[in-house]
Structure formats: C-alpha cells, structure tokens
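Please have the model open as you read.

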Protein chains: 4
Amino acid sequence: SPAWKQTRNHAAAARLDLRGIYPPIATPFTPQEDVDFQKLEENLQKYAKIPFRGLVVQGSNGEYPFLTEEERVEVVKAVRRSLPADKLLMAGSGCESTKATIQLTQKMAAAGADAVLVVTPCFYKGKMNSPALVQHFTKVADNSPVPVVLYSVPANTGLELPLDAVMGLSEHPNILGLKDSGGDITQIGLIVHKTKTQDFQVLAGSAGFLMAAYSVGAVGGVCALANVLGREVCELEHLCVSGRLEEARALQQRLIEPNAAVTRKLGVPALKQAMEWFGFHGGACRSPLQPLTEAETQQLRRDFCSNGWL
Amino acid sequence: SPAWKQTRNHAAAARLDLRGIYPPIATPFTPQEDVDFQKLEENLQKYAKIPFRGLVVQGSNGEYPFLTEEERVEVVKAVRRSLPADKLLMAGSGCESTKATIQLTQKMAAAGADAVLVVTPCFYKGKMNSPALVQHFTKVADNSPVPVVLYSVPANTGLELPLDAVMGLSEHPNILGLKDSGGDITQIGLIVHKTKTQDFQVLAGSAGFLMAAYSVGAVGGVCALANVLGREVCELEHLCVSGRLEEARALQQRLIEPNAAVTRKLGVPALKQAMEWFGFHGGACRSPLQPLTEAETQQLRRDFCSNGWL
Amino acid sequence: SPAWKQTRNHAAAARLDLRGIYPPIATPFTPQEDVDFQKLEENLQKYAKIPFRGLVVQGSNGEYPFLTEEERVEVVKAVRRSLPADKLLMAGSGCESTKATIQLTQKMAAAGADAVLVVTPCFYKGKMNSPALVQHFTKVADNSPVPVVLYSVPANTGLELPLDAVMGLSEHPNILGLKDSGGDITQIGLIVHKTKTQDFQVLAGSAGFLMAAYSVGAVGGVCALANVLGREVCELEHLCVSGRLEEARALQQRLIEPNAAVTRKLGVPALKQAMEWFGFHGGACRSPLQPLTEAETQQLRRDFCSNGWL
Amino acid sequence: SPAWKQTRNHAAAARLDLRGIYPPIATPFTPQEDVDFQKLEENLQKYAKIPFRGLVVQGSNGEYPFLTEEERVEVVKAVRRSLPADKLLMAGSGCESTKATIQLTQKMAAAGADAVLVVTPCFYKGKMNSPALVQHFTKVADNSPVPVVLYSVPANTGLELPLDAVMGLSEHPNILGLKDSGGDITQIGLIVHKTKTQDFQVLAGSAGFLMAAYSVGAVGGVCALANVLGREVCELEHLCVSGRLEEARALQQRLIEPNAAVTRKLGVPALKQAMEWFGFHGGACRSPLQPLTEAETQQLRRDFCSNGWL
C-alpha cells in the first residue's frame, strides 16, 4: 500500500548516507556503437579498488540520452552484478515527462539501484518554473521505491533548479539531496543553509569546485574526473574532510584544468580519451558526439601534463 | 540499394514544394494523459477546411518529448489516415542520437510521412558544433526514405544551427530546407542568400515574424498560432505572396501578441487553452507542463482580445 | 519658461520627420589619438553627395564612450558647420546618469543638433527595469530643447528597452521615436503596432535587417554600413519604400555579410578599415580597441568581395 | 624618469599587502543629488572602528558611473583626509578609454590613493578579447604611480576578464592582484593556481562566496555587505584565516541572503537602505537608480531578519 511504501521509503531515506565521491561512469561502446558490457565490467573491477562511496550510472557523462530505455536498465543491472554490496549505485532515471520518469525510476529500482538521480526536465525550459518542477519531482518521489537525488546541470539543460523549489522538495521524505553541477558556490552555500533542518545532502557535480563546495557544507561529489583520477579525487575528499586545507588546496588547484578539459571544455569524448591514458576503457562516443580532433587531443594532454598528471 | 535510394530521394526532394503554412499540431490527451485519437481526428477535420499546405506532426508544440516512440508513430499514422492526399505530412523524427533518429525517421516514413522534420540534438550542446551537426544530419538524410527538413529551435534546445552547417547541408540531395524558429531575421535572410543555388526552402518557425521572413525570402511558415487562427495565418501568407503589403502589415501586427502568448510567453498550455476558445480540442498537457494559472489565462485572453480576435 | 518650452518641443516633434537613412558616422583620429577634424570634414563632404536623411553623430560607431564631453560637443559643432541645412543632425547624448544626460543633451542642442539619440543607461543593468528607464527618458525629454530618439543597443549595453517602457515613452510629446539595434523583428513589429496612435517613428539600427524592418513598419535606418556603402543602403531604402521587393531582397541579401563584418563580427576597427577601401577616412580607433589582425582583415575583405562589393 | 618610476612602482607593489576586508563604500548624496561630504565623513568615522584592511572608493557600489571626473577625485581626497594612515585606500579609476583611465589613475594617485582598482572596459564587449584587455591594463599599469588591481564584474560589464589575460597581466610589476566579482569559484581557484609564481593577490568581490574564495586561495574580500555588517564580514575573514571552519561556515551561510539582497537582487538602493538601518548614512541614489518599492523594502528586511541580523 502507498502508506507502507511511504514509511519504508522514509526509513530508507533516513538510512542512506551519501557522503563521499562517485564517478559518473562512462558507457563504453563497441565499434558498432553497441554497449560493450565486457569493457564496462573491466572498468568496474578497477574502480572497485578505489575508495569511492559508490557509482553514478547514467549521469550526463554516461551518454544516457543516447541509450534506449532497455539499454539504460541493462547497464544498471550489469553494474549491480559487479558492484560490491557496500557501494551505492545511483542510477539516472530522468526523462522529459513525469510519467516516463516514474516508469524508468521503478525499473531502475528493480534493476538494483540504491537511489535514483533525476535530472530536471528541460525541453520546455520556459515553463519549468518552481511549481512545475516541484510537482514533477514530488510525483516521482511519491512513486519511487528508492530515495531520489535531484540533479541540476545547467550546462546541458539550460535550466537551474531554483532555490525555492529545492527548499520545498527537501521536505519530501523520499528526496535525499541534490547533485549540483551548476557550480554557483553562493547558491550551493545557500541551499545547504536553507535546508539544514531537513538533513538534505548536497553533492558537488564537478571536481572543479569540490573543495569550495565542502567549505560551504556539501557532503561529497559526483565528479567526471573521478573516472580518470579516482584516487586523487578521493584523496581531495579526505583532505577536505580531515581539515588538511593546505594540502587540499594544492591538490584541488591541480585538478581544475584536467577537470575542465574532460567536462566543459572538451566534453565526454575527452573524458573517454583520458580514461584510455589512465588504464580504463573509454573508446568512442555515440554519434553525434565526435572524436576529438588532433588539436583537441593535444590540448587535453597539455591540461593533464601541465598539472603533473601525465 | 543505397544508390537507388539516393536517386529516388533526390527525385523526391526535387518534387517536394514546401511553400505554404503548416500548423505544428497539438496532441490532445485524455484525462488519464493518454493520446486522445478521437479528439485529434476532430481537430484534423476542422483543419481540412483551412488552406494549409500541410501539417507538422510532432514539432515542439506536439509535446513529442513526452511521447513514447510508439505513440509518436501511432499519431503519425492516425494523421495520415485522415489527411487529404494533397496535403503534406511533415513528421518530427529527431532524437538525441543519430542512430535513434535514423530509426524513427524510417518508421515515420513507413507511417506515411511525406517529409521528416529533424531537430538539432541538444543535450551535449557544448559539443554540437558545425562538424558534429553536419555529420548527424548527413547520416540521417543518407538513410531517410523521405526528404529531410532541418529544425532549429533555440528557445527549446539552447542551440542555433550555425550558418556554415546549414550551407553545407543545403547541398545534400535529400535535405529540402529548414524550419527556423530562432527568428533572427538577419540570419534567415543570410541563409536564403547563401543557399540560393540549392533550391533550399526556408520556413519561418513562428507567426510572429512571418511577414518579415517572407520579405527576406522564406517560402512559408510552421506556426503554432495556425492551430488557433489558421485561416488568418493563411491569409497573411496570401497577402505577403501577392504583394498586398499594407494589408499584410496590419494583419501581421495583430498576430504578434496572440502568437507570443501561445509560444514564448505562456507555451503549449496556452496554445491548447486558446484552441478550446476557437473551437478545437486542446485540453491538458502531459506533466510536468502545468495548466495555466488564472492570471495567465487572463493574460492570454487579453492578448487575443486587445487585437480583436476575441 | 517650461510651458513655452514644452509647446515648442511638441511642435518641433510634430514637425520632425525621421524617414530615411543615416550613417552613424565614425570619428577619425590623428596618429596621436586626437580627433582629426580635417579628415572628418572630408568624409562629410563625400557624404553630402549621398541621399541620406541626415547623420547620427556619436552613435556606438562614433566611439563616443572614448570621447570627453568637450570632444563630443566639438564634433557635433564641426558636423553642424558642414552639414547642409536640410539634413538632420542627430547627436548621441546619452550618459549613465540622468543629470549628465540632461546636461549633455542641452549642450548638443546648443551645438546644433536637430534631435538627440539617447542610449539606455546600462551599468546597473539589473536595476534598469521599465519604471527606471521611463523616468530617466522622461526627465531627459522634459528638459531637452530638441526632440529625443530612444536608443536600444543590447550588443553593447546588455539591455533591451522593454516594450512597455517604449509604449509609455511614446506618449511623451518630445519623444519622437526609437533606434532599435537589437534586431528582434517580432519586437520591432510589435513596437510599431502598439505605438501607432502616437506617430512614433522606428528606425532600424542596422542594415542587416533593414528590409525586414520596413516590412513591419519601420520608417528608416541608422546603419553603420552606410558609412561605407551609403548609396547602396539608400538604394535599398528606395526599393523598399517603392515596393520593388524582388530587387530590394536581392540587394538586402548582398548587404548582410558586409554589414555583419563591420558591426557584430569585427566591430568599429573593421568599419574604419572598410571606409578606407571605399574612399573615406577611417583610420585607427582609440585604445583599447585594437587594429584588425591580418586574418580579420582578410575575413573583412572576403565578406565584401563574396558579395560583389570589392 | 620612466626607469625610476618603474623601480619605485615595483618596490611599491612588492610592499603592498592586500590581505583583508574592504567595504566598497557608498556615496551619500544630498536631496539635490550632490555628493554629501558631511555624511561621507560620518560614515568614515564609523568605519574607522572596524578592522578593515582599507576602503575601496568608487567600486560599483560607489555609483562612480554617475559621478563626474571632478567628483570622483574630490571624493577620494575627502576619504584620504579622514582615513587612518595604516588603512589602504583603493580608488576606482577605470574608464572606457585607455587614455582617460591613465589620466584618472594619475589623478587618483595624486589625491592619495594607495592603489587603483581598474575595471574592464566594456562598451565594445565584442572586441574586448584578451589581447585588447592585456594592452589596456598594461598601458595603465605602465603609467600608474601606484599599484594596480584588476577588476572583473560581469554583472555590470557583461564581460569576464579571461584567464589568459589575467595570467599575462600578473607578470606586470605594477599589477598587484584582482578583485573578482564574478564568483565563478572554479575560475578563482584556477587564477590563484596559474599565477602563484607571481605573488598575485586575489580578492573576492562579494561576501556571498568569501569563505569559498578563501578555501581556494583568495587573500581577502571587497564586499558590499561590509558597508552594513562590517564587523561580521571581518569576523568571517578571521574565522577563515584561523581555520575555525565550523564557525566560519555558520557565519558565511547567514551572510549569503543579506549579501544577495544588497547586490544582485536589489542593488545599490538596497545597500543604502540597509546602511540606514544599521546606523550609517545611505540615502538616495542618483537617477536613474530608483528608490526601493515598498515590496522591495520588505524583501530586503526579510533577508536580514530571517538570518538574525534585524
């Protein structure tokens, strides 16, 4: 019954501690652009040795908009099979319509997700004001068997989840927190401040502002760069949390350029290329994402080299 | 064989004259948010009496991002059954990945579309530069059984199809033209100018700048407002084409505010509300699009009333 | 007395017919970056043979933000001495504060301006809402001995003069019209529509959308490109006004790229370089505007050549 | 001689330690909109009791775009007379042209400024690329008798000082640092990182991200809110510098909303209103800045009250 579900969810939400670092894993493809489950598995085995809190499957770096619904669920199942039980599996289940998001959320839960990451719908961005977003996320959270993490990624969606919507949604028993990839550190601090009675957990959506986010109250990070330099991002977390600020600052600064290179500047193709350099399977993206040009590859290499990573 | 297909496409492209007005039809839903085929059919019968060149099925106003692939194809089939043979059926078949776009394009052709309207992929907007877009649309056009019309709608996608990409794509034998909803009239004039050796047909994507678009060389319009004031938009086309500029200007000016109200200002819920006022079935949108507030409804009414339409 | 002034202004406003083309003239400098009045005079003599309605002195292309108040007034005096009496002299008198704008407006009138062009203040753009802008322009118009033309140029100011502010200001007896450099043709059409009971005159702020602006009711243009291709811009005006639309369209299309090159794309340094090619004195800009690079100069040349102007 | 000047400057730059908090002081006006030197003096006496590192005179909050050159210099002289010798006086001397900026810089130095704060020129923002900005600031620094601090304030200028320009300029012996009001914390961290061999000092341009800026290596802040809650902003500095992070975070969070209210949300009129509530002279702004509406005043009060400051 719904009443039971609500209770269970609430308890689940109360239990789930999101603190830590998550790579939003990339999706390897075969040369025919099919999902390469073998390579995915090999990446997961390497990630298992890094002290991540868990994995995000089908964040923006997972090319989820290019996957069919079936592929999305299959990838989550594959990750679940491989992932140690003590690691969290957070699965992206956002779609444009509320109905489709609920359906995929339920499938993700059935496939083994511990929580779902739900991106703001964005095609009708002019109409995605706070009431619309609150209703969308509320319906999804009401109907989700697992806790929900909100996901705001303006670089892709052209839309920032407004503060008042976050405040309202933070009161929902099945909404755990927010992954904020916008990086407006003032906004992040304010969200932590205005939701502090709700035990609402904010995750930095990028390694570029991870230390700053910790300084204003974030509890972890979902960082594309953790696909490449996972130990180093976890080390940054450790330094921040244990108050070793000088060392944290030095490490943080060396991560900004490589992080920018694999996200804002050169995107998923660069993330996958850098993964190759560091012993993971990256490979090609699905079209229309193009391989890096030679000049872009050199730029990417410089951004790692000049900071001492290559 | 591909060679044969190319030839056939080329011939098809040569034949297809896009000139005229198209409503990008709304998708009526039942109270349970299912597609209401009965109401759709009744709308189509009313549209049949208006001198449209054809219909666009699953432009942005059709809420296509909220429809499943199956629904998208079923709606096209339903329209095809109802539409007189001399009217064009242009079906939106754009998806984020090239592969999915090709598959849906082929299904749309099989369902009876005369042409497909392919929106720019946009989630990875930072990577959607001209080479990526050219490759995407080229692959789609290479594999489409029916001619392709490019679709640029920055208000939804956050992305404008660049001029050099349009110029390159205009040379493809299976790419017929462009629906431009951005409304940068200088850009529209330049596109017409730089593609004139290709018989490339530009359609204004909104009634708000229809007359201006005709003035710089557009050949028609895909206009949300034509769902509501179809005869009037066709009359504006007629006045523009026959050089009755004073009358055209007076009519154009009276259409700007109602057009803005049902598009940029208040969106699809307003379009559907206005359809109800003018004898069509509009009804509710799928969530997360919300019904108009009372204040919005009054604003919508004012924008029609103050221009003499209500 | 103010009462008398108001009456005189009103009458002046009633008399002043803005229809036609205006180059917003460039300011030539000596190698020492002083105003070169000799070269200015020689340009003016060449412009006198072109059927302009008048000149704009100290629009954005005049580098007015780089001139001292004294220089601004001296340049206007110099132009007045040279300009035939039947040509209008419209002088830019906008400053950030209302007080400074009023003072400069009065000096411009005393220096011989027939009308003043007053740009939107923009440094505090977050506070420049309609009430603030209406009060600013109202105070300026109340205190101006000559009619006022509003000036909206978002590419420089980051601010568009809102429709409701324009509508309110159009009722002021000493406000004649608007120079719109934003180029949103839907907005231009709506401004014409909503101010038509006021005999409010709208001027296109660029040759790039001049024909489209005529189509929706503009009465002329202030066009940077008219500094270079003055006869051609006047010819386009003539073709538009006399309804020779095919010829107008062909000419309009050939003007878009050279116009973009000397405005949005390459700016005032390109305008001044192109002036040199066409027999006018352009020369260098004041710092921090830099000379064109070699690559930019070649791009500029291509944009004129490929359209048959060089 | 220039050689001597360069040496002296270099030495001066080496000496000047910017660490600490600066209010960018507001300019009080009489009811007739003249500068009210009496009220200014009274504010300064109150500020003298707060452990500021110094004052910024004619930052954006000083309404400098509304002051004449003479007023700008007179205000600096007045502040100099009142300011204790151990406090820094940083004077805004930025103008649109390089020439005018140099002249005003020299006047500011003569009037007693210890350093000048030079904003990015912005009217021709499309042309203000790195080479143009580097040349502008280099010429200013070459000719300034006192050290120069760069000033990037995109909310007003529509322009962010690019990283590569900052890196180049950081090598100039007479350029001390940067006031960054953009608040992109990733960019701030990267600037600190890429200029660390230059002893380049970065100041946060707002109290909203002060703690985060300290976390990534900033050395102080120029904070509008320090005009109102000066002791509290200095306390935040103290907590950050001494590593009392829990207390710092709690205080930082309580300052975000009042800070946003007096800057981005409600602007200089709100800053001046809040100053009145806290015992300083604020008063009216020069037109076109308008007084707060009643609703805005209530919003402002709420933003202070809900955080326990009123």
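## Where chain A meets chain B

The contact, meaning heavy atoms within 4.5 Å, draws 37 residues from chain A and 37 residues from chain B. This is a predicted model, in which local features need pLDDT of at least 70 and side-chain atom pairs count only at pLDDT 80 or more, while totals for chains, interfaces and linings use all residues. Residues are numbered from 1 along each chain as its sequence is written, chains are lettered from A in the order in which they are written, and side-chain values use heavy atoms, with hydrogens and water left out.

Together, chain A and chain B bury about 3,000 Å², 56% of it on carbon and sulfur atoms. Buried area here is the accessible area (1.4 Å probe) that two parts lose on being put together, summed over both. Of the area that chain A buries against chain B, 24% comes from A:Phe123, A:Tyr124 and A:Lys127, more than from any other three residues.

Which helix gives the most to the side of chain A that touches chain B? H5(A) does, with four residues. By type, that side divides into 16 nonpolar (Ala, Val, Leu, Ile, Met, Phe, Trp, Tyr, Cys and Pro), 11 polar (the others, Gly among them) and 10 charged residues (Asp, Glu, Lys and Arg).

## Salt bridges within chains

Over all chains, the structure holds 48 salt bridges. Here are three of them.

| Pair | Closest N to O |
|---|---|
| A:Glu63 and A:Lys272 | 2.6 Å |
| C:Lys107 and C:Glu69 | 2.3 Å |

A:Glu63 lies in the loop between strand E3 (54-57) and helix H3 (69-82) of chain A and A:Lys272 in helix H12 of chain A, so the pair ties together parts that are 209 residues apart in sequence. Helices (H or I, at least four residues) and strands (E, at least two) are DSSP runs, numbered from the N terminus.

Are these side chains buried or exposed? A:Glu63 is buried, at 0% relative accessible area, and A:Lys272 is buried at 0% too. Buried means under 20%, exposed over 50%, and partly exposed in between (1.4 Å probe, protein chains only). C:Lys107 is partly exposed at 38%, and C:Glu69 is partly exposed at 28%. In chain D, D:Arg19 counts as exposed at 53%, whereas D:Asp17 is partly exposed at 27%.

Terms used. Salt bridge = Lys/Arg side-chain N within 4 Å of Asp/Glu carboxyl O.
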